[in-house]
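This report covers a sheet, the nonpolar cores and a few single residues.

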Amino acid sequence: MTVILIDGPSGSGKTALAERMRAGWVGADTPTVVHLDDIYPGWDGLEAASSQLVTELLEPLRAGLPAGWRRWDWAADAAAEWHGVDPAHPLIVEGCGTMSRRAVELADLAVWVEADDVERKRRALERDGELYAREWERWDAQWRGFVAREQPRAVATVVVPT
């Protein structure tokens, strides 16, 4: 199984890159794409989702065990249904916090996506609107902490400017 991780700051183009990779995949074995946005348990959930990615998805996959992820229902503010991941298909995981050092050890390719800070903030707020505008600093503080600790750009296989 091929595992590709795509990380970078909010609004840098991670989701678009993941979807382009999936659409352009050669062969019949289309990758499964997992978005960390579907896993974060609320606005303070970057660390929890990053950890879940490793313990519930990547480690079990590499061990040949059942693996998957649990969707977070933002409206109910509660964990929702389980999504199993078929180990027979390639996997692309994208989102802020995807490339912890442990996750990168379990991946075949680690892609860091980056963009100008002004442009990425414009993209993110255009995409997610006023709700995200109110939470920008809260989210960015978690993001900065993750980056300081895990140094994802330094462990990337490739850096993609957008």
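I6 stands opposite E94 in β5. The two strands concerned, β1 (residues 3-7) and β5 (residues 91-94), pair in the parallel sense over four bridges; strands count as paired if DSSP finds at least two bridges between them. Strands (E, at least two residues) and helices (H or I, at least four residues) are DSSP runs, numbered from the N terminus.

The model is predicted: local features need pLDDT of at least 70, side-chain atom pairs count only at pLDDT 80 or more, and totals for chains, interfaces and linings use all residues. Residues are numbered from 1 along each chain as its sequence is written, and side-chain values use heavy atoms, with hydrogens and water left out.

The pairing of β1 with β5 belongs to an open sheet of five strands in the order β2-β5-β1-β6-β7, with parallel pairing. At the edges are β2 (32-35) and β7 (158-161), each of which pairs on one side only.

In the largest nonpolar core there are 34 residues, and L5, L57, L58, L91 and V93 touch the most other members. A nonpolar core is a set of buried Ala, Val, Leu, Ile, Met, Phe, Trp, Tyr and Cys residues joined through side-chain atoms within 4.5 Å. Buried means under 20% relative accessible area, exposed over 50%, and partly exposed in between (1.4 Å probe, protein chains only). At least two residues of this core come from each of β1, α2 (46-62), β5, α3 (101-105), β6 (109-114) and α4. The largest share, seven residues, is supplied by α2. Another core, of nine residues, lies apart from the largest one and includes I6, M21, I92 and V111.

V93 touches I4, L5, I6, V34, L36, L53, L57 and T98, residues up to four places away in sequence not being counted. Contact means heavy atoms within 4.5 Å.

L125 lies in helix α4 (residues 117-150) and counts as partly exposed because its relative accessibility is 24%. Leaving aside neighbours within four places in sequence, L125 is in contact with Y132, A133 and W136. L125 and S10 are 115 residues apart in sequence and 9.6 Å apart in space, C-alpha to C-alpha.

Two residues other than glycine have a positive phi. Most residues other than glycine have a negative phi.
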